[in-house]
Amino acid sequence: MVELVPLAERIGTEVRGIDVTRPIPDAVFERIYKAWLDSTILLIREQEMTPDQHVDFTRRFGEVVSYTRREFAEGGRPEILVLSNRTEEGRPVGSPVSGRVWHTDGHYLPAPPAGSMLHAIEVPPEGGDTLFANMFAAWEDLPARVKERIEGREVVISRVRSRPYNYPDRPPPTEAQRAEWRDQPQPMVLAHPETGRKALYVGGSVPWHVVGMDEAESAPLVTFLQEFSVLPRFTYRHRWRAGDIILWDNRSAMHRATPYDMDRYHRHMHRTTLAARH
Ligand code: SIN
């Protein structure tokens, strides 16, 4: 019997009583899918999945895209990105540091992915948690005068600017990347493409710029929204156990990885990504 249990007051659903490697009847899957859209993240514990099963289960939620640096694809499978500090013959098998500040994946793209599914293979005994924040709840609680100020406006998201925040371990963007990575305006309030429900969509802790505002007005507004959107009442902190799966809706949830002692422990995760849906 599949049970749907809230994870935290304003965010998340834990799906219990399911083995994702076995067929899931459509009626059950519809309840799970709706819980994902409504609560922004799903947790499913104690799952053993091969990479193929991971891709197959992700496909129930939509088209899977390759979102990976090829060198970090699991076993040559471009759909699976390995996030790991493990090495083989001195070479990293995955991306060791990812998403350490609050963010929406691919916010700098014209059509960011719809979501991602992370499967924990090996986790450290402490640290390496992931935080999630519900952007529907953040929008709903915003003071009315702030809602009026931002609805219908856009914010400029810059991959060049976000790079040193998200990936402090990587070199700064090259001249060629700077030329290629165009700034991307995004709506500050997103109507969810599948439900129409509004979500705050300002992205994480990078100093973005509001289109049509001067810096003196834009900077404090963006800072306020970024801090407001991750107030504890909108968030959930996941302490991983091996076998956990989390699927987040990238249109309505932000997330953030937290550090761990990489010299003492290993953290090894597989991630799939859902294509944008309009
Ligand atoms: C990510 O941002 O995709 C990674 C999250 C994590 O490693 O906890």
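Leaving aside its neighbours within four places in sequence, Q186 is in contact with H107, L109, P110, P112, R153, E154, V155, I157 and Y201, where contact means heavy atoms within 4.5 Å. This is a predicted model, in which local features need pLDDT of at least 70 and side-chain atom pairs count only at pLDDT 80 or more, while totals for chains, interfaces and linings use all residues. Residues are numbered from 1 along each chain as its sequence is written, and side-chain values use heavy atoms, with hydrogens and water left out.

**The setting of Q186**

- Q186 belongs to strand β12, which covers residues 184–187; strands (E, at least two residues) and helices (H or I, at least four residues) are DSSP runs, numbered from the N terminus.
- With a relative accessibility of 5%, Q186 counts as buried; buried means under 20% relative accessible area, exposed means over 50%, and partly exposed lies in between (1.4 Å probe, protein chains only).
- A polar atom of the Q186 side chain lies 2.9 Å from the backbone oxygen of H107.
- The backbone oxygen of L109 is likewise 2.9 Å from a polar atom in the side chain of Q186.
- For such polar contacts, the pair of N or O atoms must be within 3.5 Å; within protein, one must be able to donate a hydrogen and the other to accept it, and residues adjacent in sequence count only if both atoms are side-chain atoms.

**The ligand and its surroundings**

- Around the ligand stand L83, S98, H103, L118, T130, W248, H255, A257, R267 and R271; a residue is listed if one of its heavy atoms lies within 4 Å of the molecule.
- T130 places a polar side-chain atom 2.5 Å from an oxygen atom of the ligand.
- For R267, an N or O atom of the side chain is 2.8 Å from a ligand oxygen atom.
- For H103, the distance between an N or O atom of the side chain and an oxygen atom of the ligand is 3.3 Å.
- On its own the ligand has 260 Å² of accessible area, and the protein covers 97% of this; accessible areas come from the Shrake-Rupley method with a 1.4 Å probe, and for residues only the protein chains shown count as cover.

**An open sheet**

- Three strands, in the order β16-β10-β18, form an open sheet with antiparallel pairing; two strands pair if DSSP finds at least two bridges between them.
- The edge strands, β16 (235–238) and β18 (253–257), each pair on one side only.
- From one strand to the next, the twist averages 20°; axes are lines fitted to C-alpha atoms, for helices over the stretch in contact, and angles run from 0 to 180 degrees between N-to-C directions.
- Strand β10 (residues 130–134) runs antiparallel to β16 and is joined to it by four bridges.
- T130 has H238 in β16 as its bridge partner.

- D26 is found in helix α1 and is exposed, with a relative accessibility of 57%.
- D26 and I41 are 15 residues apart in sequence, and their C-alpha atoms are 20 Å apart in space.
- T40 lies in the loop between α1 (26–39) and β3 (41–44).
- Although T40 is not a glycine, it has a positive phi of about 80°.
- The relative accessible area of T40 is 0%, so T40 is buried.
- E89 lies in the loop between β7 (87–88) and β8 (91–92).
- E89 is not a glycine either, yet it has a positive phi of about 50°.
- The relative accessible area of E89 is 82%, so E89 is exposed.
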